[in-house]
Amino acid sequence: MKKAWVLGAVIMLGSAGMGGALLLEPAAPDPRVLAARKYFGDVTLVDQHGQRHRLYSDLLEGRVVVIHAFFTSCPHVCPTMSRKLLEVQEALGERVGRDIRFLSVSVDPTTDTPGKLRDYAHRFDAGEGWMFLTGEKQDVELALRKLGQYVDEPNNHTNILLVGNERTGLWKKAMGLARTEELVHLIRGVLDDG
């Protein structure tokens, strides 16, 4: 009976009782992945369920995402954009959570606790593929800077959605208040790239 062990990046294969081992060279790291990991970094963010996620490795790497900057106490555009994302979620159906993920990142992490994010997610009937993210102020600010969404005051956040296919490198921006059909068309184009 053969057994396989993974030791770091080296795989050892051997047969029980034979004492021999075959060492395989690890695959060379993908330069695109290395560059993306270096650029985005892996600061830790926390979702509405209190689960911790690394920005690049857990949330972006190999994924298609729609990224939205917001805050839960926003009285104006945030609820409107969240309703728009709900319409997009409904139009994309089961693809949300399976093929694409929505990432709503709070620009007010000192106020927006996981509990507040959870309540906000329920308010907008967010499905499993829609994550609301907060964390330590410095981590959230760094993540927002890397995503081009950082603002010094929560009310100054943009109405821009960032839509990206990290696997293919296709990234687009969309007005978050555009017609739902236009957003769905743009997002499907990024989702089906490559």
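**Entry 1: strands 9 and 10.** I began with the pairing of strand 9 and strand 10 (residues 170-175), and I found six bridges joining them, with the two running antiparallel. I am working from a predicted model, so I keep that in mind. Four residues sit between the strands of this hairpin, and Gly169 takes a positive phi near 85 degrees there. I then picked out Val163 and saw that Lys172 in strand 10 stands opposite.

**Entry 2: the other neighbour of strand 9.** I looked at strand 6 (residues 64-70) next, and four bridges join it to strand 9, again antiparallel. Here Val66 stands opposite Val163. How many of the six residues of strand 9 (residues 160-165) are buried? I noted five, so the strand is largely enclosed by the rest of the structure.

**Entry 3: the nonpolar core.** I turned to the largest nonpolar core, which has 53 residues; Leu60, Ile100 and Phe102 touch the most other members. Helix 3 (residues 77-92) gives this core its largest share, seven residues. I followed Phe102 and, leaving out residues up to four places away in sequence, listed contacts including Val66, Leu85, Val88, Trp130 and Met131.

**Entry 4: His53.** I found His53 in strand 5 (residues 52-54). Is His53 buried or exposed? I wrote down a relative accessible area of 16%, which is under the 20% cut-off, so His53 counts as buried. Its side chain makes a polar contact with the side chain of Asp47 at 2.8 Å.

Conventions: Residues are numbered from 1 along each chain as its sequence is written. This is a predicted model: local features need pLDDT of at least 70, side-chain atom pairs count only at pLDDT 80 or more; totals for chains, interfaces and linings use all residues. Side-chain values use heavy atoms; hydrogens and water are left out. A nonpolar core is a set of buried Ala, Val, Leu, Ile, Met, Phe, Trp, Tyr and Cys residues joined through side-chain atoms within 4.5 Å. Buried means under 20% relative accessible area, exposed over 50%, partly exposed in between (1.4 Å probe, protein chains only). Contact means heavy atoms within 4.5 Å. Two strands pair if DSSP finds at least two bridges between them. A polar contact is a pair of N or O atoms within 3.5 Å; within protein, one must be able to donate a hydrogen and the other to accept it, and residues adjacent in sequence count only if both atoms are side-chain atoms.
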